[in-house]
Amino acid sequence: MRIPNHIGIIPDGNRRWAVDNGLSKDKGYISGINPGLSLFKLCQKIGVKEITYYGFTTDNTKRPSVQKYAFIKACIDAVKLLSKEDAELLVIGNVDSKSFPKELIPYTKRTIFGKGGIKVNFLVNYGWEWDLNSLKESDLKRKNITNNIKSNDISRIDLIIRWGGRRRLSGFLPVQSVYSDFYVIDDFWPDFNEAHFYKAINWYNQQDITLGG
């Protein structure tokens, strides 16, 4: 079994899940916290070295205020849960914006929890344009892109798993995702279960990984 070194997670469908369950859209985010921890433990179990969660984007902050506050709180609560695990956490996002939660500023430098081990990256108030806006034409000519983006401490992603049925990256780490395999799960993120994860891993194991070669 070939295990991806780095898995990217796009946990979509929280609002649609809430509506389907007779709740207001903002209530869907809190139901996505425990699935994130469960997935983290599965990654630990099979030996994944790095995992990146898509928390929320700069575009997401245009949603109604009640939803915005709900997903910001969900990100803060998720970090609190991770702080009790063995992990090395890095929060990446535009800290200069009012939408970046001040509670997460200490984690914008990689922080070791417990015994450390698996790297966990959390994209919070992240935008791909923000990530790349330090690049210069000279960087492109020298192919020196990775070292000059704001997410430079995040490695190339082997496998991206998206819940919620959408077939798009939604601006998810465009540099690190350039050779990623992309697996879509139609179920909404709050309905996460282990079978989703293992089906994605088994699918990845069958792919022809060439990295363009």
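Serine 170 sits in the loop that runs between strand S6 (159-163) and strand S7 (181-185). Helices and strands are named here from DSSP runs (H or I of at least four residues for helices, E of at least two for strands), numbered from the N terminus. The model is a predicted one, in which local features need pLDDT of at least 70 and side-chain atom pairs count only at pLDDT 80 or more, while totals for chains, interfaces and linings use all residues. Residues are numbered from 1 along each chain as its sequence is written, and side-chain values use heavy atoms, with hydrogens and water left out.

Serine 170 has a phi near 55°, a positive value in a residue other than glycine. With 36% relative accessibility, serine 170 counts as partly exposed; the scale used is buried for under 20% relative accessible area, exposed for over 50%, and partly exposed in between (1.4 Å probe, protein chains only). Leucine 173 is also placed in the loop between S6 and S7, and its phi is positive too, at about 35°, although leucine 173 is not a glycine. The relative accessible area of leucine 173 is 0%, so this residue is buried.

Side chains of opposite charge can pair when their charged atoms come close. Here a salt bridge is a side-chain nitrogen of Lys or Arg within 4 Å of a carboxyl oxygen of Asp or Glu, and a search of the whole structure finds 9 of them. One joins the side chains of arginine 162 and aspartate 12, at 3.0 Å from N to O. This pair links distant parts of the chain, 150 residues apart: arginine 162 belongs to strand S6, and aspartate 12 to the loop between strand S1 (6-11) and helix H1 (14-20). Arginine 162 counts as buried because its relative accessibility is 4%.

Another salt bridge is found between the side chains of aspartate 59 and lysine 62, at 3.3 Å from N to O. Lysine 62 has a relative accessible area of 69% and is therefore exposed. Through salt bridges that share partners, Asp12, Arg16 and Arg162 are joined into one network. Lysine 27 and aspartate 26 likewise meet through their side chains in a salt bridge, at 3.2 Å from N to O. Lysine 27 is partly exposed, with 41% relative accessible area, whereas aspartate 26 is buried at 15%.

Turning to the helices, the axes of H2 (residues 33-46) and H6 (residues 194-205) come within 10 Å and cross at roughly 45°. Axes are lines fitted to C-alpha atoms, for helices over the stretch in contact, and angles run from 0 to 180 degrees between N-to-C directions. H2 and H6 are therefore oblique to each other, as angles under 35 degrees count as roughly parallel, over 145 as roughly antiparallel, 65 to 115 as roughly perpendicular and the rest as oblique. Leu39, Leu42, Cys43, Lys45 and Ile46 of H2 make the contact with Glu194, Phe197, Tyr198 and Ile201 of H6, where contact means heavy atoms within 4.5 Å.

Glutamate 85 lies in the loop between helix H3 (65-82) and strand S3 (87-92). At 15% relative accessibility, glutamate 85 counts as buried. Leaving aside residues up to four places away in sequence, glutamate 85 touches Leu37, Phe40, Lys41, Phe113 and Gly114.
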